[in-house]
Structures are given as structure tokens and as C-alpha cells.
Amino acid sequence: MANKVPRILVTGASGLLGRAVVKVLKAKEWDVVGVAFTRVGSGLIKCNLTDSEAVSALIEKVKPDIIIHAAAERFPDVVEKKYKETQLLNVKASAHIASVAQQHGSKLLHISTDYVFDGTSPPYKCNDKCNPLNKYGQTKLHAEQAVLRECPGACILRVPVLYGPVERLEESAVTCLFSALKSREPTTVSHHDKRCPAHVNDIAHIMYDLISLIMKGKTLDGIFQWSGKEKLTKYEMTLTMSRIFSLPHDHITPSYSAGSLRPYDPEMDVSRLTDLGISHHTNFEDGIKECLSPWL
Ligand SMILES: NC(=O)c1ccc[n+]([C@@H]2O[C@H](COP(=O)([O-])OP(=O)(O)OC[C@H]3O[C@@H](n4cnc5c(N)ncnc54)[C@H](OP(=O)(O)O)[C@@H]3O)[C@@H](O)[C@H]2O)c1
């Protein structure tokens, strides 16, 4: 594959992460085919990933060198309410994509989460014991296991809470804090759980670097992890937004109690990536300023 322009199939291409991945890889002049479900526009292909036959036909038609599987239900509250439907997408569809990737010889890069950990003993190494606290984390862990069973050469990339350019502020667990800040309504925001937010562009560039190494013939498989380099509570993120945009924050009260079914500090060890020379981090203040400016 060394000198070939890779053909990349990206699922979840209409989502927060997938939009950035498509944009970054297209800018590198790679041959990118984006797949969406309800938000099909700007050249994306519609496919319901829970329809196994449709997925098989899509991969057969596109014949991708690489599949980036980013589609998932990732709102923990939705997963608690719609567990069975979520299992079909997060676990069963991931397993099927992995099995078709294996059959066609496509390299699979599957996206997972820090929520596979319980957050009690960070930083977590790639092979540390997983213990998801909520159903979302459970489905993502089961997906990882199914992917590696069906396609042992797959790469899994675990990422932390993400932010980036949003279609609505509620799209990201980070940008939604800006709604609370702007509203002036008295609100409580967690000053307990710790997060290492990452900009979606950084994750997209990490994928580009990983795939570039694979294209050059490097054998990479198994679990990789990325965490942003700044550890912040949601209250601290809100204060940063307040400072950047000179907005009052006296209506925001920090909460020191543990959130239910959320890991306290799921920071992940990133050395498997940095040992490969792969590291991308946008300073939180710069990244969030750029993402929120259109929402002032
Ligand atoms: N966002 C975070 O903070 C975060 C943190 C850690 C890990 N992750 C992981 O990162 C990945 C990307 O997350 P994200 O934040 O980009 O998610 P997102 O913004 O919620 O997007 C979800 C994507 O999945 C697609 N999708 C949903 N149901 C589908 C179906 N039945 N068939 C085909 N596509 C379907 C959606 O398509 P339509 O909208 O077109 O229907 C959308 O493109 C996920 O694996 C997630 O678990 C995210």
C-alpha cells in the first residue's frame, strides 16, 4: 500500500468526530467515503449500520483499504433508556463490520472510549482491567472484544471526552457547558469528576498518523489510547469559557459530589502512541475559543 492513495470508509461521518475525520483526511487528498444515517448531506452515503446485508454490500462496493468505524450511540443517558437498540448498533454492528473487514482484508480502526474504565486508578494503560460503570461503557467494551475476536488485526483507538465545531451546543459534553454559562439560570456543574478533553481535529490527525504508518507497512494492531494533556473538571472548563468570553459565572455553582455511573478520573496512558511519535494536542483554551466563538 506504500505509494497508493488509500481509500477510507468512515462511519459516523455526520457526527462530531466523523465530520473532523472526513475533513482532515480529505485535506490530505485521501479517497474518503463518509457514511451517515439520518444526516446525509455533503456527499455522504446513507447506510443503516444495524442492517447487516446493507453493510456487507457497502463494503463490497467501496472496497476500502481502511475502515474507520466511528458511528455509535454515545450519550450515556440515551443508552440507559435504549439499551437493546444500542447493543444492536454499538456491539452487533461493530462485530459485523469487523467480520466483513476481515473477509475483505480491509484494515479496521475502531473508535472506543475512556468509559471502559471505572476511573478509580488513573492513568490507565491499554491492557489495564476494564470495569465500565454504565451501560454505554459496557456496550463499548463489548464492541472492543467483538471487534478483536472477528478481526484480530484491527486497531482500537480509545478517546476521551471530545469537543470541536458543533452543529448545536448540546452535541458535545464540553460545549453544552456554554449553554449553561450563557443562560444566566442558576445551575450546578461538576467540580468532582476529572476529564482530559480532546479536540476532534487532534483525534483526526492521530488517525492520519496511525494510518500513514500502516500504509508504509508497519504492523499495528490492538488497543491505542489518547487523552488530552489538560485535566479539568467541568466546572473548570466552564470557568475557562467565562474568562475567554468575559461572561459572568456567578450563577454556576460547583458540585463536589460524585456523578452517578460516571468514572471519576479515566485518564488514559498515551505512551503507545507517543512511542510511535504520534501526539496532537490543541490547548483547551485555544480550541474551545475557536469552537464557541460562533455561538456567542
Ligand atoms: N463525543 C465524545 O465525547 C466521545 C467520547 C469518547 C468516545 N467517543 C466515541 O467516538 C465515536 C464518535 O462519537 P461522536 O461523538 O462523533 O458521535 P455522534 O456525534 O453522536 O455521532 C454518531 C454518529 O453515528 C451515526 N449513526 C447513529 N446510528 C446509526 C445507524 N443506525 N447507522 C449508521 N450510522 C449511525 C450518526 O449518523 P446520523 O447522525 O447521520 O444519524 C452519527 O454520524 C463513537 O464511537 C463514540 O463512542 C465519543
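Biologist: How many nonpolar, polar and charged residues does the shell around the ligand have?

Modeller: Please keep in mind that this is a predicted model. Among the 27 residues around the ligand, G15, L17, F37, T38 and A71 come nearest. Sorted by class, the shell has three charged residues, eight polar ones and 16 nonpolar ones.

Biologist: Which element gives the most residues to the shell around the ligand?

Modeller: Two elements, α1 (16–27) and β5 (107–113), each supply at least two residues of that shell. With three residues, the one that gives the most is α1.

Biologist: Is α6 parallel, perpendicular or oblique to α8?

Modeller: Helix α6 (residues 176–183) packs against helix α8 (residues 234–245) with the axes 10 Å apart and at an angle of about 60 degrees. An angle between 35 and 65 degrees counts as neither roughly parallel nor roughly perpendicular, and therefore α6 is, relative to α8, oblique.

Biologist: Is V174 buried or exposed?

Modeller: V174 lies in the loop between β7 (162–163) and α6, and, leaving aside residues up to four places away in sequence, it touches V161, Y163, P197, M237 and I288. Because 27 other C-beta atoms lie within 10 Å, where 20 or more are required, V174 is buried.

Note on methods
Residues numbered from 1 in each chain as written. Predicted model: local features only at pLDDT ≥ 70, side-chain atom pairs only at ≥ 80, totals over all residues. Near = placed C-beta within 6 Å. Helix = DSSP H or I, 4+ residues; strand = E, 2+ residues; numbered from the N terminus. Nonpolar A, V, L, I, M, F, W, Y, C, P; charged D, E, K, R; others polar. Axes fitted to C-alpha atoms, helices over the stretch in contact; angles between N-to-C directions. Parallel < 35°, antiparallel > 145°, perpendicular 65-115°, else oblique. Buried ≥ 20, exposed ≤ 12 C-beta atoms within 10 Å, placed from the backbone. Contact = placed C-beta atoms within 7 Å.
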